[in-house]
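Colleague: I am new to this structure and would like to learn how to read it. Could you take me through it, one feature at a time?

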Amino acid sequence: LDPANTQLRILLASWLATKAGRSHDAEKAFEIGFQMGAETGVALSAYGTLLAGCMGKPDKAESAFRRSLELQRGTPTLRNLGVLLFCEQDKQEEGIEYLRQASEPDTNDPLSSITAKAILTACVNNAGDAEIDEAVGAARDPKLWDEVCGLCEGYAPFGKILVRLCELIEARDRSNPSTPLYRAMA
């Protein structure tokens, strides 16, 4: 009814991205929306997540995340670009730097900052005792697990990170009854 409505086009693309078997339709809807001028930081971040998670297009995803950050810096985009660079683009140091930026306190999205810090700790081989203890403490909050598990659903490399996070937690705190469950989910 309103084919020129760019906001609806991006909403359709975002919705299609959540539906099994509709990844190509979502990609096309995003691209049409961007051609129509709907290129926003949030939309490009969602597009990058689709490309990285469902489409197996890490180079294109990296471009979308970087363009998103040019328009609007946000913790989820910083985190997702960091994980993409660290896990898939063989750019570990650059990925860690983006994860560090994502782990800085964000009053608009404090949970994502805490999650990014736990992810950073899981990615860094020489994480210190204080960082590991902080990740162990954060893991007592079911919201952290919900967010990390949700990330795993959309993008497989988060599963590897979740396994590493579980290993760190189990090495420090065997009393967390959820850790074996989350390891199995990863």
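Colleague: Where in the protein chain is confidence lowest, and where is it highest?

Modeller: Confidence is lowest in helix 11 (residues 179–185), with a mean of 84, and highest in helix 4 (residues 58–71), with 96. The score is pLDDT, the predictor's confidence in each residue, on a scale from 0 to 100. Where pLDDT is low, the predicted coordinates should not be read in detail. Here the mean pLDDT of the protein chain is 89, and 100% of its residues reach 70 or more.

Colleague: Which ground rules should I keep in mind?

Modeller: This is a predicted model, in which local features need pLDDT of at least 70 and side-chain atom pairs count only at pLDDT 80 or more, while totals for chains, interfaces and linings use all residues. Residues are numbered from 1 along each chain as its sequence is written, and side-chain values use heavy atoms, with hydrogens and water left out.

Colleague: How many helices and strands does the secondary structure of the protein chain have?

Modeller: Eleven helices and zero strands. Both are DSSP runs numbered from the N terminus: helices are H or I with at least four residues, strands are E with at least two. Along the sequence, the pattern reads α-α-α-α-α-α-α-α-α-α-α. The radius of gyration of the protein chain is 17 Å, close to the 16 Å that the globule rule gives for 186 residues, so the chain is as compact as a globular protein of that length. That radius is taken over C-alpha atoms, and the globule rule is 2.2 Å times the number of residues to the power 0.38.

Colleague: What does the C-alpha trace span along its principal axes?

Modeller: About 55 × 30 × 30 Å. Buried residues make up 46% of the 186 residues; buried means under 20% relative accessible area, exposed means over 50%, and partly exposed is in between (1.4 Å probe, protein chains only). Contact, in turn, means heavy atoms within 4.5 Å. Of the contacts with a separation of 6 or more, 52% come from residues 24 or more positions apart.

Colleague: Now for pairs of helices. What describes two packed helices?

Modeller: Two packed helices are described by the angle between their axes and the distance between the axes. Axes are lines fitted to C-alpha atoms, for helices over the stretch in contact, and angles run from 0 to 180 degrees between N-to-C directions. Take helix 5 (residues 75–87) and helix 10 (residues 157–172): they pack at an angle of about 85 degrees, and their axes are 10 Å apart. That makes helix 5 roughly perpendicular to helix 10. Angles under 35 degrees count as roughly parallel, over 145 as roughly antiparallel, 65 to 115 as roughly perpendicular and the rest as oblique.

Colleague: Which residues make the contact of helix 5 with helix 10?

Modeller: Helix 5 brings Arg79, Asn80, Val83 and Cys87, and helix 10 brings Pro157, Phe158 and Ile161. By type they are five nonpolar, one polar and one charged. In this scheme Ala, Val, Leu, Ile, Met, Phe, Trp, Tyr, Cys and Pro count as nonpolar, Asp, Glu, Lys and Arg as charged, and the others, Gly among them, as polar.

Colleague: At what angle do helix 7 and helix 9 cross?

Modeller: Helix 7 (residues 110–123) and helix 9 (residues 142–154) cross at roughly 70 degrees, and their axes come within 10 Å. Helix 7 is therefore roughly perpendicular to helix 9. Among the residues in this contact are Ser112, Thr115 and Ala118 of helix 7 and Lys143 and Leu151 of helix 9. The whole set divides into seven nonpolar, two polar and two charged.

Colleague: Is Thr115 buried or exposed?

Modeller: Thr115 counts as buried, at 0% relative accessibility. Leaving aside neighbours within four places in sequence, Thr115 is in contact with Leu144, Glu147, Val148 and Leu151.

Colleague: And where does Asp90 lie?

Modeller: Asp90 lies in the loop between helix 5 and helix 6 (92–102). Asp90 is exposed, with a relative accessible area of 63%. Its phi is near 55 degrees, a positive value in a residue other than glycine.

Colleague: Which residues does Ser23 touch?

Modeller: Not counting residues up to four places away in sequence, Ser23 touches Leu50, Cys54 and Met55. Ser23 lies in helix 2 (residues 23–35) and counts as buried at 14% relative accessibility.
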